[in-house]
Structures are given as structure tokens and as C-alpha cells.
Amino acid sequence: MAPAHLRGGLNMMFQLATTLGIFSANMINYGTQKIKPWGWRLSLGLVAAPALLMTVGGILLPETPNSLIERGRVEEGRRVLELIRGTADVDAEFTDMAEASELANTIKHPFRNILERRNRPQLVMAVCMPAFQVLTGINSILFYAPVLFQSMGFGASWSLYSSMLTGAVLLFSTLISIATVDRLGRRKLLISGGIQMIVCQVIVAAILAVKFDADKHLSRGCSIAVVFVICLFMLAFGWSWGPLGWTVPSEIFALETRSAGQSITVAVNLFFTFIIAQAFLSLLCAFKFAIFIFFAAWIAVMTAFVYVFLPETKGVPIEQMVLLWSKHGFWKNVMPDMPLEDGWGPGGDRALTDINIHK
């Protein structure tokens, strides 16, 4: 539903809500752990509140223009589009939606269709982006922050304080991303965030390798330094791979494969979240300080992946996203030749004229 020039920031409201939930959960857990012996029951029981809000919100949620048009309610779809855009001058966008919907309705097997060669770039992104998002190590820090900090010599209370602090940093950094994503673009945020996360992971590993003594204790100064660097890591994740790991897959699929593509994105994210959650403590025991080098290596791989394979999607209408892939230096060799539509051709790119197409 979002207009192309605001799509990134509005899409990241999803991540903002997620980080706000994480921070709120940390605060609730901190408060309820002091209530003996039933505080943990209160913590779990409060989950019913957002579940109720989601249920009520789902009932009241209006339909999107794309959904209405795809189900044959064309005039209603146009009225909703005019309401969203605040103007009756929506002919061009409405025509693009109607044409995309007409094509989508001819596709009976979206999961089979998404495997076709012309959808190969989007499929690769739907798998790699959510997998890489988890392989930054962020879930390990969020899940096991108290355990992680205690293993580095922090007390139990200090570990909870650190968890709340990292949650607050993650929330703040998402606001930075919302404010900058539609001006700076997706690639710049992903690459700059990746570089900062690599540096932070290496610094934490170096501090632990040099200063973590045989008594499993860090000096006060080193402890503060570790928390500060982890906060810088969270800050970088919050403006880059955190929200953009969801934003990029959500905006690259054509209408006929969008539901299948989003399903794959969520499934891959949950699968890797499960794997890392199960394996992290064993990896921490086996690698010790090198666990941070392990994640830093993955971040280096994903940063290089973005530089080579991901074009800039800023400002490109979703209905015309396929043309972006057909012009990319690598993916144009993978995709079949695209038929030229009226208004498209060498030097006559209707929607991409003012958009910087990165290799």
C-alpha cells in the first residue's frame, strides 16, 4: 500500500514494533522476576494482551487495493487506492495494479512459478536475506544476553540491565533506519551496517581473548567496553540488517509470486532462528571468544553478497521491480530476455529513469 518513495520507512514500522516488543518484554521480565514465586506466570500471561490486540486488529484491518483488484472487486480497489493516495489521479498506478493482477490470476501454482528462471533473483533473495539476518548473531545476543554476560563475569542483575540496554539501543537504531532508508537507499545501509558489525564482533572477540582470565572474570573497565561495543553492534544491526532483512524481500516480488515469496522468507528466518537458538550454547562452549569471529565471518560474507548481487530498490514501484533485475550486471545473465513494453527501451526507461541502478 505504501507509495514507492516512502515504502522503506513505512515497511520498517514492522521492525520498530518488533524492537519495541523486545524492549517491553525485557522490562516486564526484569520487573516480574522480583515477584516470588509466581512472577514468571505473570510474565507469560501478559502475552495474551498483544495476542488480543492482533486479533481485534485483524478483524478491523481494511483490504489493500491489490487484494481487492485481484479478487475482482476492481471499483472498490480503485476507491481504496484513491483514499490511500488522497487524490483521484491514480490512473497510472491503478493500471499497473490491474495489469499485474490480471497476470497474477493466470498463475495457479505460485510456489512452482517462483522456481522459474525469471524469478531466480527474487528466490535467492528470499532465502539468503532472512538467513543472513539470523547469521549476524543478533538472535543469540537477544536470546541469551543474560547467560552471555554472566559467562563474561557480569553479575545476574547486571546481566538483566545489559539486556534492557541492548533492547533500548535496538529500538532507537530502528528509528534511524526509518528516517534514512528512503534517502540513502537499502544498499548503503546494509553495507555500512555490515562493516560496523564486523568491527564490533572482532573487537569483542579480541577483548575476551586478551582480558578474560582463568577465573572467568573481566575487569570493570573491560566489562564496560564489551557492553559498549555490543551496543554499537546492536545499533548497526538496527539500522541495517534488522529491518532491511524483511524490507527487501517484501518489495521485490511480482504480485503473482508475492505470497509464495513472503512465505519462503518467513519460513527460512524461523528455520535459521531455530537452528541458532539450539546450537548457540554449544557453539559458545566450543568456540568461547571465537564465537564472535564465527558470526563476523558470516557478516563479511553477507556484506559482500549485498555489494555484488543486490540492486538498489529504493523508489522502484513494486509492479515494475522485475525490470530492475533484468538490468543488473549479474542477474541479467540469469534471467530470460524480457519483452519490451510500450514506453520501455534503450534510454527510455519509464520508471527507472532517475533511479541509480547499481551493478
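Which helices each supply at least two residues of the lining of the largest pocket? They are α1 (7–11), α2 (13–32), α5 (65–70), α7 (91–104), α14 (241–251) and α15 (255–287).

## About the model

This is a predicted model, in which local features need pLDDT of at least 70, side-chain atom pairs count only at pLDDT 80 or more, and totals for chains, interfaces and linings use all residues. Residues are numbered from 1 along each chain as its sequence is written, and side-chain values use heavy atoms, leaving out hydrogens and water.

## Confidence

The protein chain has an average pLDDT (the predictor's confidence in each residue, from 0 to 100) of 83, and 87% of the residues reach at least 70. Over residues 340–359 the pLDDT is below 50, yet beyond near neighbours in sequence this stretch has 36 contacts in the model (heavy atoms within 4.5 Å).

## The largest pocket

A pocket here is an open set of points on a 1 Å grid over the protein atoms alone, where a 1.4 Å probe fits, with protein on both sides within 12 Å along at least five of seven lines; lining residues have an atom within 4 Å of a point. The largest pocket has a volume of about 1400 Å³, taken as the space filled by probe spheres set on the points, which are joined across faces, edges and corners.

Its lining holds 40 residues, with Met1, Ala2, Asn66, Arg258 and Ile318 nearest the centre.

## Cysteines

Zero disulfides turn up in the whole structure (cysteine sulfur pairs within 2.5 Å). For cysteine 231, the nearest cysteine sulfur belongs to cysteine 200, 9.8 Å away.

Conventions: Helix = DSSP H or I, 4+ residues; strand = E, 2+ residues; numbered from the N terminus.
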